[in-house]
Structures are given as structure tokens and as C-alpha cells.
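User: I would like to learn how to read cavities and helix packing in a model. Can you take me through this one?

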Amino acid sequence: MSTPYPFTALVGQTDLRLALLLNAVSPAVGGVLVRGEKGTAKSTAVRALSALLPQVDVVPGCRFSCAPAAPDPVCPDGPHEPGPASARPARMVELPVGASEDRLVGALDIERALSEGVKAFEPGLLADAHRGILYVDEVNLLHDHLIDLLLDAAAMGASYVEREGVSVRHAARFLLVGTMNPEEGELRPQLLDRFGLTVEVAASREPVQRVEVVRRRLSYEDDPAAFALRWATEEQDVRARVVAARALLPQVVLGDASLLQIAATCAGFEVDGMRADIVMARTATALAAWAGRTVVRKEDVRQAALLALPHRRRRNPFDAPGLDEEKLDRILEQFPDDEPDHDPGHEPEPDPEPEGPGDGPDDGGPDGGGPGGGGGVPPQGSGPDAPDTEPEPETATEAEADRRPEPEQPAEDPAPQPSANGADGPEQAAVRAAAPFRTKMLSVPGLGEGASGRRSRARTAHGRTTGARRPRGHLTKLHLAATVQAAAPHQKARGRTGRGLVVRKDDLRQATREGREGNLVLFVVDASGSMAARQRMSAVKGAVLSLLLDAYQRRDKVGLITFRGSTAELALPPTSSVDSAAARLEKLPTGGRTPLAAGLLKAREVLRVERLRDPSRRPLLVVVTDGRATSAGSAGGRADGRPDGTPRELSGRSARLLASEGIASVVVDCESGPVRLGLAGELAADLGGPAITLDGLRADTLAGLVKNVRTSSQTPRRAA
């Protein structure tokens, strides 16, 4: 077994370490969601935490880790007779992104249940994680229905498995930790709310601290056992403090004054629901226990708000998570300062004195002590590998330079129209998007088999039952009626004598279900000078932003291609992060000629690569343009370098190439004014899909709310 990196050897990440320790003290806090860029020790910190948890006593031979003093009365391995207990370390169980539902919650042997009447249950990861840690790396990439199952079990402390009337329940209480990189996509606000605490992590910009991170990591990789031994004393100190805080937790008093502070804070930040109030109360209580106190203070409430509220204020995918600390301080200033603790039966305890470097788990090192006076965290600048010198503080000028915002772009300034000879015009500064609106649903025709989502029809693991088939491999969803129908003709030959049905493996039938899948929505946006005319770009950006919001709600991947001047650019490779696409869209400048063919060919290349990476995810191409083509760009040329046709001929040829490959497309027609050329409609005909105006894109403008993208065989094409 490999030696884990010591928790106390982590450098920086004060909030992350504190949030993990608070959940170790009180798992009722509800887990931690760690958000941050790659390479910030998210996974390392979680794996290191398991070594700090005290050992657990279990019933020997119980697959569900029942406690001998209070075994689960409905444990599938029970009932348990009194007897000696066995101790083992707390487990840290990892849930892989590609895990199935049966791997998570457990699997029932349906064949034995039908033929023998036996509940043959194979425990899943939820059972393995009972009384330990369940770690989900890249939780934002996990299927939504698995996240729902996971969070339901964490909230109820139990897991329920039901298959065709056969039901099994077992205890599942664990410390839930999820990590994610926001660049790869966000969690739904409803799922964010189910995590107790959230922490934003980022790599330090302080050179001395970065050097210390590298030094410690290299030392660990050279000899993990020796490195862990050097930090053994600090690890034992923190482990003992966790045990002491757990023992003190039931004695902590959460007074009415603290409850009023919590309620006022949640109301002041307009947090939805009551879960935030409950999590803040539990977190403040854990903070007091971690600090060795029996009374919750205002500083505990403040620190609890910083950990429990930022992710609960995010109402749509384009909102940045965070909390206004000045507003938080103004809310708490309305309440009087804490009075000295009066704990019946105990003398008031003085605050712990700061410890010197290397003296124990409270030395803050370069980061200082625990944030907000919340009781401190493990050492950072102390310990056997601490740097000899402290970093010099930034000067006022340097600090101001780091905090100085980027200069804002000037207000909308209409760019001149491109000249008649097609030369590139001056670039126009980015304009702001108009307010988003609810869009019509655009879907890919046919029946897919992609990842679960909410856009196009597909064969999925969840949805309405449409038929039955013989299982391919392990049976997951039994079609009971089809199974009985398959077994019925053979009952006499199998010697059936009683009332029970004699079922063989060959009789079992798998239910086929139809639901919805998520697609790859690739936006190809015209950013040329013709779009800048009459400031249409604001309305265009508003429309694309609305489609991005729709893609977020339907669990799609999105990509963004822009074309202007003489080239097309992949502004955002396909990703699940729609807020990244919105950020790129907001900064999009306009101006120059219109290389429409180059944009379409760029889309074809991107879709070709994505088809190799994820062949089951079907694409939907959304071209946002007025249909004008004034530049051949790099779409094609002769040996002498001249374009092989006019820009309009090249764009038509490129569109028909996409249609011949079966790519579902839709054109959002941005042309406006009393005189319209209808070029976007001609482009849509070449692509084999419909053209929708900006106004027609709104869901409330027409009676039909659903408009399927038609294939080339369903829509007549304009002659080449």
C-alpha cells in the first residue's frame, strides 16, 4: 500500500484544510465541494485526510461496516450477535467518473430473486464508504442521476436499492468530498446546494511558497515513507485534536444570539431555502469544537458563512460564485460583540496562545493562523521542511498593481461598414450582449445513444420503457412482463409443480428505454463587419447567450467558432463549461470581411475530431449569420493561389459538404431591415436544415415550442 502524502505537509490552501477538518469533526456538516484549477492539491488533500480519521470498530465479517455497539437493525448481513469487535482504519473510497448505478449503490441478482426467492445483494461503493470518506473527483462530469443518488444517500444516511419489487436498504453515512475544475463545466444550482461547504482553491502567486511546494513534493517522491515519518508528530497532533473536537461537539452551545446572526446573514444574502441556515449552524458548532470552546462566537458564524454561502448564491450558470465580505461584516456588526463564555460546570477557557514555528498543528506559517479565528489549521510554514526565510511582504505599489482591474472596454462604438471592394475594415470593440430569453428547443433527428441529457431522443438507461431484448452482459433493467412471457411456454417441460414460476437465465429480458441525450452544440458565429452594422451584434450575442443557457439546462457540450476578416478561429474547443463560452462571447470583437466558407470548414474539422473522441455524442451545428459571404478566406484555392470560385459559391459548396456527412444544422438568420436578401435561407437549404430569425428563436413567439432540425432528405435543397 502506497504511503499517502501527509495532510500537515500541505502548503497553503487554508480554507480547504479547514473545511475538510470541520467535516471530519462533524460529518453532519454535509461534505465539501472543492472548486479550482488543475494542479492545486485538491485530490492530494482529500486523500491525506483519511489518515487523520480515527479507527472504526466494525462487526467482523459484516460487509456494511456495522458498529458493534449499535449495529444496523436492517443490515443485509444481519442480525448481528454480540461479540468481539475488530478495528480498522477509516476507508477512503473513490467514485470514478464512469461508474455505473449498480457500482455505486450495489447490485441485486434478479435471476436468483425470481427463481429462488433469494435477495442476493452485492454491496456498492456507498456500502464501502460507510463510516469513512467517499471521494468523487471531477464530480461535475458525473451523470446527474448518479449525483442525485449520491446526495440522497448522504442526506438520509442510508442507501435504498429497488429492482422490480425487490428492495434492500443499508446504512451509508460518510464524509462526502467532491472536487471539480469549473473550466470543465458547472454543477446545477440544485446540486450545489446539497454540498454543505464549498472552497475555491488556486495556486499561490508567492514565489517562496511555490518553491516550498516543489521542495516538499520532490522530497516525498524520493522517499515517501521517510517524508511521512518526518511529519508523523504533526499528523498525530491533528489526529488527536480531531478526536477531542468530536468528543466536545455535543457540549457546544449554539445560543439564540448566534442563531439570529445566522438567520440575518442568510436573509441578507437572499439565499434560497433553509438548508443554508442549517449548514451554517452545524459549521459554526464544529468551528467552536475545533477551537476547544463550548460556546459559538460571532467569528464562528462569520467563518461558517464564508464556507457555506458562496455556492448557494449562484442562480444561473453565468453567475460567478462568491460572497461580499464587506456586506457580511455590515450584517454582523448589527449584533453586539461576544461576551465572555459562561459555560455551566466549566471555567471559561482562554483562547489558545499562538504557537511558535514547528510547535504543533496551529502554526499558520506563511498563511497565518486559521481564517476568521475559526480555531486554526495544520502547520504550513512550520515543520521539518519549512523554508528558512519568510517571504517579504508586497509593497503597497505591488499589491495595488495586482488588484488593479483591467481597463474596461469602451462603450459600444459602431464600426464603419466594410468598403465596397471587400477590404477589411477597422475592428470594432466588443459590445455587450442583450438580455437572454427562453429559446425554442432545437433537437437532432433520429434516435441516438449518447450521454444522458435533455435535448434529443435517445436510448438511455432511464426513461419510458419502449420494449424488451435479450440482455447483453449483466442484466440491469428487467422487463418483467417479457420475462414471464418467455418463461411461460416451458413450465411443463421444466417440471413445474407449485405456484412459483420456473425461470431460467435464457428467459430474462432487458427493458429498452427511451429518454433524452445531451448533444454537442457547436456555434459558428459571424463576427464580420456586416454584423456590426446597426449594432446588430448586441442582439446576436443575446441570442447566442440564450442558446448557451438552453444548452446548459439540457446538459450539452458546447463549442464556439468565430469567423471574420480572412480566417475562422476556434474560440472555445468543445467543453461542458457554458460559462467559459459566455465569457469568450462577451469579449468577441467585430469587423472585417465575411469568410463564411472558412467558418463552415472549420466547423467540419472540429466535428471530425470530436467524432473520434466521443462517437456516441451527436452534433448540432448552429450557424449565426446574415448569410453574406464577402471573402474566400482559406476555404479553397487553385494552384496559383486564387480562390476556386466566388465567396458565395465556396460557402454553398462547404455547406453541402457538411450536409452530405449527415450533420444536423440550423441557421439563425441575423438579417434585419426592410430589404432582405434571404441569403441565410439559401445557406440553410444547402446545409439541409431550417433557418430561424432572431425573433423566431424566442419560445413564446410561435405556437410550436419544439422545432426539429431536418436532415437533407427532409428539406429540399437549392440547386448547386
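Predicted model: local features only at pLDDT ≥ 70, side-chain atom pairs only at ≥ 80, totals over all residues.

User: What volume does the second largest cavity have?

Analyst: Its volume is about 50 Å³.

User: Which residues line the second largest cavity?

Analyst: The lining is made of Lys-440, Leu-442, Arg-455, Val-521, Phe-523, Leu-547, Asp-550, Ala-551, Leu-620 and Val-622. Now place them on the fold. Strand S16 (520–526), helix H18 (536–553) and strand S19 (619–625) are the elements that give two or more residues to this lining. H18 gives the most, with three residues.

User: How many of the lining residues of that cavity are nonpolar, polar and charged?

Analyst: Seven are nonpolar, three are charged and none is polar.

User: Now the helices. At what angle do H1 and H2 pack?

Analyst: Helix H1 (residues 14–25) and helix H2 (residues 42–49) pack at about 30°, and their axes are 11 Å apart. Angles under 35 degrees count as roughly parallel. So H1 is roughly parallel to H2.

User: Is the crossing of H1 and H2 left-handed or right-handed?

Analyst: The crossing is right-handed.

User: Which residues make the contact?

Analyst: H1 contributes Leu-16, Leu-20, Leu-21 and Ala-24. From H2 come Ala-45, Val-46 and Leu-49. The contact of H1 with H2 has seven nonpolar residues, no polar ones and no charged ones.

Definitions and conventions:
Residues numbered from 1 in each chain as written. Heavy atoms only, no water. 1 Å grid on protein atoms, 1.4 Å probe; cavity = no way out; pocket = protein on both sides within 12 Å on 5 of 7 lines; lining within 4 Å. Points joined across faces, edges and corners; volume = space filled by probe spheres on them. Helix = DSSP H or I, 4+ residues; strand = E, 2+ residues; numbered from the N terminus. Nonpolar A, V, L, I, M, F, W, Y, C, P; charged D, E, K, R; others polar. Axes fitted to C-alpha atoms, helices over the stretch in contact; angles between N-to-C directions. Parallel < 35°, antiparallel > 145°, perpendicular 65-115°, else oblique. Left-handed = near helix turned anticlockwise from the far one by under 90°. Contact = heavy atoms within 4.5 Å.
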